[in-house]
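Please walk me through this structure, one region at a time. Keep it brisk.

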Amino acid sequence: MEYLNEEVSSFAEKIDIFIECDDIKSLICFRDKLNETISTECNISETERSVLTYYLANIFQHLGLKNNDRWDNSNYGNAIICHRKFYKYEAKESELLPQVEVNHANTLSTLGRTFEAIPLWKKGTTNFGDAEEVGLYRLADGLLWISHFLYDEEHIHYYQLYAYNYAKKLLDKKSIFHNGIKESLDVNSNSNIGHFLRYVKHSFDGSPNLLAHNYKPTYSKEEKKYREWCKDNTLFINPLNDLENAWVVDHDVLNFPSYRTPVLEGPYLSASYSSMKNEYCYYRHLFYEGLNKKYKRFTDKDKYLTDTLDGVMYQGYIEKIKNSLKGCFSVLDKISRLLDKYYELKSSQIAFNRQWFDKQKTLKDQNNPFLTALFWLSKDFSQHDQDERRPSYWLDDSAFEVRELRNELEHGWVRVVNPEFEGFTIWNNNHDYAYTITTDELKDKGMYVLKQTRNALMYLCLAINLSERQKEKDDEEITLSNNVPLI
């Protein structure tokens, strides 16, 4: 990065020193300086702006560590905003992209959003240098962490196997440049990974991974194509799908956890989750059909619709995609309803948004990382109202304004147009109140909503499983057990 001006080049070294020395006062001064420079300075390039945004994210991440409250730690929110802002620069510093992705994953993981962090860590491992080492280490540590909250022995086995394999990949390197990682991998260290490696020794050596599993699908050609799309896009409600896209993961196996309830009380919370999972699977297939333009063509006949001459598309497959999005948003709201029932919050208004979570002090007081994950995920589904300080404002383009789109799908008018006609019109538009979106944008937003609905259902299960572990035993209650199959 020799093209950077002298002042910008000096920032990195100074910030690293202040972070290493934990000089909070100096970091806050630099934070304010960088914010001002990025916002107002005209004599620096967009590439230099992206570099400063990367530095600023590092400052926010360190400041976040100084506050033990992860529920609504504004520094972590600002770090996420900086990471997303970096992605949006057209002339961003490409050398820094792997490090930004890994740092973004680290922040998400700190907030309990580990399922969203895993693909970003994996991207880091495809590069050389710091991003590869940190990506491998954090993958090993993150998978090991998740394994402690899973409630199926085979799932636990595979998460720990993959954690071991990522750690082993690091240990097999000729040299590890990151001293902190090197020390943590020592079996005599006090780190989680060190304890784990000391405990398992070489017991995982030679253990087959998911790709080597002997399960063979026997589906029809069409079903196989659909399930392959699901596993390759990590859309199965199955923790193993986050590890691999092997065929053995092609089932929605994660059930509601075993939970205690008064004697003679029916398994209605579990049934509620089953209903949500069933709905999600239906909307996932509906989206797949829309994506592949699978619908009965005769439904387009004889409707006599108005052509606004701007590439408007009325085909049935567009309606399938729209309805799959509306359905997923409905599932997210139902997650909030189940939480409200399980934790006996008795809220008057319930929805999957920041405003509802903000009011639920009981949820915050659980100190449950997966409830924290749902809280932060809800911020991305809350309207940002053009406020650049909100994480949802800086979502990637495929996810931008998902809450606004949801509202228009339910209560307004969404006009889907051919991408070639984006922004085109020949009319005055005083009467045009449509939310206009291209087919490409609709598909991208749909995939984002599907993935996050799937993640939310997984966080919900792990949150309640952890709460059940922490409950005191009550002789007047029984445990309703749900087994989680591998396939």
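**A guided walk**

The model is predicted. Among the elements that cover the buried residues of H17 are helix H13 (316-342), strand S2 (414-417), strand S3 (435-438) and helix H18 (439-470). Which residues of H17 are buried? Helix H17 spans residues 402-411, and its buried residues are Val402, Arg403, Glu404, Leu405, Arg406 and Leu409.

Next, a pair of helices. Two packed helices are described by the angle between their axes and the distance between the axes. Helix H5 covers residues 97-110, and helix H7 covers residues 130-147. Their axes come within 9 Å and cross at roughly 25°. H5 is therefore roughly parallel to H7, since the angle is under 35 degrees. The crossing of the two is left-handed. H5 brings Pro98, Gln99, Val102, Asn106 and Ser109 to the contact. H7 brings Asp130, Ala131, Val134, Gly135 and Arg138. By type, the residues of this contact are four nonpolar, four polar and two charged.

Now the cysteines. A disulfide is a covalent bond between the sulfur atoms of two cysteines. How many disulfides does a search of the whole structure find? The search finds zero. Cysteine 230 is in no disulfide. The nearest cysteine sulfur to that of cysteine 230 belongs to cysteine 281 and is 8.2 Å away. Cysteine 230 has 0% relative accessibility, so it counts as buried. A disulfide needs the two sulfur atoms within 2.5 Å. Cysteine 328 has a relative accessible area of 1%, so it is buried.

On to helix H12, residues 268-291, which holds histidine 285. This histidine 285 counts as partly exposed because its relative accessibility is 31%. Histidine 285 and lysine 320 are 35 residues apart along the chain. Their C-alpha atoms are separated by 9.6 Å.

Most residues other than glycine have a negative phi. Leucine 309 is not a glycine, yet its phi is positive, at about 60°. Leucine 309 sits in the loop between H12 and H13. Its relative accessible area is 43%, so leucine 309 is partly exposed. Lysine 346 also has a positive phi, near 55°, and is a residue other than glycine. Where does lysine 346 lie? Lysine 346 is in the loop between H13 and helix H14 (354-358). At 75% relative accessibility, lysine 346 counts as exposed, because the cut-off is over 50%.

Conventions:
Residues are numbered from 1 along each chain as its sequence is written. This is a predicted model: local features need pLDDT of at least 70, side-chain atom pairs count only at pLDDT 80 or more; totals for chains, interfaces and linings use all residues. Side-chain values use heavy atoms; hydrogens and water are left out. Buried means under 20% relative accessible area, exposed over 50%, partly exposed in between (1.4 Å probe, protein chains only). Helices (H or I, at least four residues) and strands (E, at least two) are DSSP runs, numbered from the N terminus. Contact means heavy atoms within 4.5 Å. Axes are lines fitted to C-alpha atoms, for helices over the stretch in contact, and angles run from 0 to 180 degrees between N-to-C directions. Angles under 35 degrees count as roughly parallel, over 145 as roughly antiparallel, 65 to 115 as roughly perpendicular and the rest as oblique. A crossing is left-handed if the near helix is turned anticlockwise from the far one by less than a right angle, and right-handed if clockwise. Ala, Val, Leu, Ile, Met, Phe, Trp, Tyr, Cys and Pro count as nonpolar, Asp, Glu, Lys and Arg as charged, and the others, Gly among them, as polar.
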